[in-house]
Amino acid sequence: MKIEKKFWKNKKILITGHTGFKGGWLSVILNLLGSKVSGFALNPQGKNNFFNCTKIKKIFKYDFRHDITDINFLKKSIKKIKPKIIFHLAAQSSVIESFRNSRNTVVTNTIGTANILEAVKYNKHVKCLFIITTDKVYQNYETKKYFDENSKLGGDDIYSGSKACCEILANSYRKSFFQNSKCRIVTVRAGNCFGGGDWTKERIVKDALECFYNNKTLVIRMPEATRPWQHVIEPLFGYILLVQKLCSKKGKKYVGAWNFGPSLRQNLQVLKFAKMIKEKMNSKSKIVIKKKFGKIKNKKIKVFESKDLSINSKKVYKFLSWSPSLSVENAVNLTIEWYRAFKKKQDLFYLTKIQILNYFKKMDSI
């Protein structure tokens with residue numbers, strides 16, 4: 001399945017969370033396809049971030065900086081933009097941060113999602129609402145099970161629980177208000193995405209790049225934990241293909257939940273993944289295992305994460321002919337290339353576009 005450039009040309013699109021890592025990459029892709037992209041999000045976080053480093057503010061028709069929990073402002077923004085398609089990515093996306101600020105995580109993720117659903121409920125312009133959640137929405141009992149779209153939802157940590165709630169809300173709204181609507185709603189659950197410009201705190205790729213580039217010691221937690229690693233371009237490409245199907249005459253059969261994960265051989269232990277990055281960077285750094293997991297504030301709240309996580313993406317392979325094409329090694333190489341370009345103060349917007357276009361060429365998709 002290929003990207004239909006005519007479909008995306010001049011299409012009005014809203015991305016919530018456009019100042020974030022994944023939202024930023026999606027914005028560049030849609031800009032390359034000729035779409036009229038607008039954004040709704042808080043200001044980008046941290047000294048370094050994808051949004052500011054790539055200087056992509058210029059590509060947005062409207063750039064609203066506001067909290068997704070303010071439904072009135074959200075409705076006014078959507079009314080002004082008149083988007084045909086909405087990608088909802090605005091969220092608190094860190095498991096560890098959810099232990100530090102649980103209420104903010106719940107409010108941002110659940111109320112924010114409810115607000116976007118409520119805002120499009122009676123909107124005549126929106127034809128597709130694309131809600132991005134996470135592969136952590138499944139109730140994980142550490143059985144090394146490969147979760148498919150029908151697996152039980154849940155979450156023992158606050159982040160996972162809040163995202164599982166988003167899935168339930170989306171399904172409830174869809175059945176309650178969108179059965180006879182021309183607006184199609186999907187939720188998508190992607191594997192562990194990484195790539196250039198992800199400076200989210202306490203993420204292994206960010207920490208590894210910074211430590212290995214400067215030959216400093218990398219401290220990792222849960223070295224034996226496995227994750228479905230994939231470059232951020234891979235699922236975003238899949239999202240593009242799914243939206244095209246949703247907006248087709250037979251679009252109704254594509255509503256619901258979708259997994260976008262790598263093949264099972266992409267699942268690597270954290271330690272092995274870190275060693276791969278170290279080798280690719282020719283670093284002399286040491287890797288140290290953190291023996292005890294951290295605690296928050298008063299030391300009574302112990303932080304934890306699932307040890308094993310794997311998702312089954314056979315559904316998307318079958319119905320969209322989508323499958324990841326980048327090996328973990330290639331994905332790591334692209335990420336290192338981006339990081340080194342950042343350190344050399346090169347044009348990161350140009351490099352991001354080149355990496356996307358090379359991927360499309362590889363997929364013979366455009």
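A residue is called buried when its relative accessible area is under 20%, exposed when over 50%, and partly exposed in between, using a 1.4 Å probe on protein chains only. With that in hand, let's start at helix α9 (residues 233–246), where 13 of the 14 residues are buried. Helices here are DSSP runs of H or I with at least four residues, and strands are runs of E with at least two, numbered from the N terminus.

The model is predicted: local features need pLDDT of at least 70, side-chain atom pairs count only at pLDDT 80 or more, and totals for chains, interfaces and linings use all residues. Residues are numbered from 1 along each chain as its sequence is written, and side-chain values use heavy atoms, leaving out hydrogens and water.

Now to the rings. Those of Phe, Tyr and Trp (its six-membered ring) pair if their centres lie within 6.5 Å; planes under 30 degrees apart are stacked, over 60 edge-to-face, and the rest tilted. The structure holds 25 such aromatic pairs. One of them joins Y138 and F147, which is stacked because the centres are 5.2 Å apart and the planes are at 5 degrees. Both of these residues, Y138 and F147, are buried.

W199 and F342 also pair, this time edge-to-face, at 4.8 Å centre to centre with 65 degrees between the planes. W199 lies in the loop between β8 (192–194) and α8 (204–213) and F342 in helix α12 (residues 328–343), so their pair ties together parts 143 residues apart in sequence.
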